Amino acid sequence: MGIHPQCLVCQIEESLDHAIFQCYRAVEVWRRAKFPMEILCHAASFLQILGRLAGSSQSRPVAVRATYTAYQIWLARNALMFGETVPPQRVVVERARLLAMEVLQATHLDGSLIARDTWGSTSARGAPRMVFFTWEPPPPSFLKVNFDGSILQGGERGGVGFVVRGPNSSVIAAGGFQPFDISVPGAELRAAWAGLRYVRRALQARDVLLEGDSVIVIGWLSQASGGVGDYHPLVRDIRSMGCDEMVVQVRYMFREANGAADWVASSVANHSGDHLWVGEAELPRALHDVLLFDFLGCIHTRYA
Ligand SMILES: [Zn+2]
């Protein structure tokens, strides 16, 4: 994620690897938190190691603490970038430790409670096993469009949001608006449509990976034709956008790794007007905060 061209601490080129693992400030946090730096150089290997650690109940606490440490490093870095008060490293370490402890205690007391939250009541039986997943950057030459629809409590207003990212995970654009159609599938479809229209018109995209967290909508969009989705005009519109000049692949993603699009949808539901942020420098602070959680996935909330 090349959010800012330069790290404000080290004055060298910024990247996700730099911000979380290699920056002087980050290294100091990992050292204080007593994580061996040899295993913590790159996001890719970090995620692999995290996946392994999360797989066994003995090492799971380490995985959870490492996730929160990365996240707190990210929040501290965003604070620096946005000119806010930057917490000292020992505070960053302590916040991560407390959050990890909270999560571990909650899952220890009643692992199935959290599982029920995300999976529904029937699939939460048996010993909890952590499933590790993460938002993945698109393959080279692809743009990834994450979309989400959100309906506010009471159902009077909704929001649709999309986030476009490139192969290096950097955010190219994000946007959304309040839809006329206040139904969940309607808002989801409108979000997919808005994201695809943007990458086609503004970016002349050729290869697009369209990713959402609604099983129903992804099902409609991935059927060539012949299903309930055929009768929805937006489904037809979206399918016709993926034709000659633009190839669209559709994929389902867990809600926890669709956090950026979800943030945009919820945010625009509360603010009228059209919203479009182009380039990472334009993104709101709170959206920056969410981006890393997309990348890390959310290892503590989903059990199988
Ligand atoms: Zn740095």
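This is a predicted model: local features need pLDDT of at least 70, side-chain atom pairs count only at pLDDT 80 or more; totals for chains, interfaces and linings use all residues.
**A zinc site and a mixed sheet**

Strands here are DSSP runs of E of at least two residues, and helices are runs of H or I of at least four, numbered from the N terminus. Residues are numbered from 1 along each chain as its sequence is written. Local features need pLDDT of at least 70 and side-chain atom pairs count only at pLDDT 80 or more, while totals for chains, interfaces and linings use all residues; side-chain values use heavy atoms, with hydrogens and water left out.

Strands β1 (residues 142–151) and β2 (residues 158–165) pair in the antiparallel sense over eight bridges; pairing requires at least two DSSP bridges between two strands. The open sheet holds six strands, ordered β5-β4-β1-β2-β3-β6, with mixed pairing. Because β5 (247–252) and β6 (275–278) stand at the edges with a single partner strand each, one side of each is left without a neighbour in the sheet.

Helix α7 (residues 215–222) packs on the sheet and touches β1, β4 and β5, contact meaning heavy atoms within 4.5 Å. The direction of α7 makes about 150° with that of β5; axes are lines fitted to C-alpha atoms, for helices over the stretch in contact, and angles run from 0 to 180 degrees between N-to-C directions.

Elsewhere, the zinc ion is coordinated by C7 (SG), C10 (SG), H18 (NE2) and C23 (SG), at 2.1 to 2.3 Å. Donors are N, O and S atoms within 2.8 Å of the metal (3.2 Å for Na, K and Ca); water is not among the atoms, so sites may look incomplete. In sequence, the donor residues follow the spacing C-x2-C-x7-H-x4-C.
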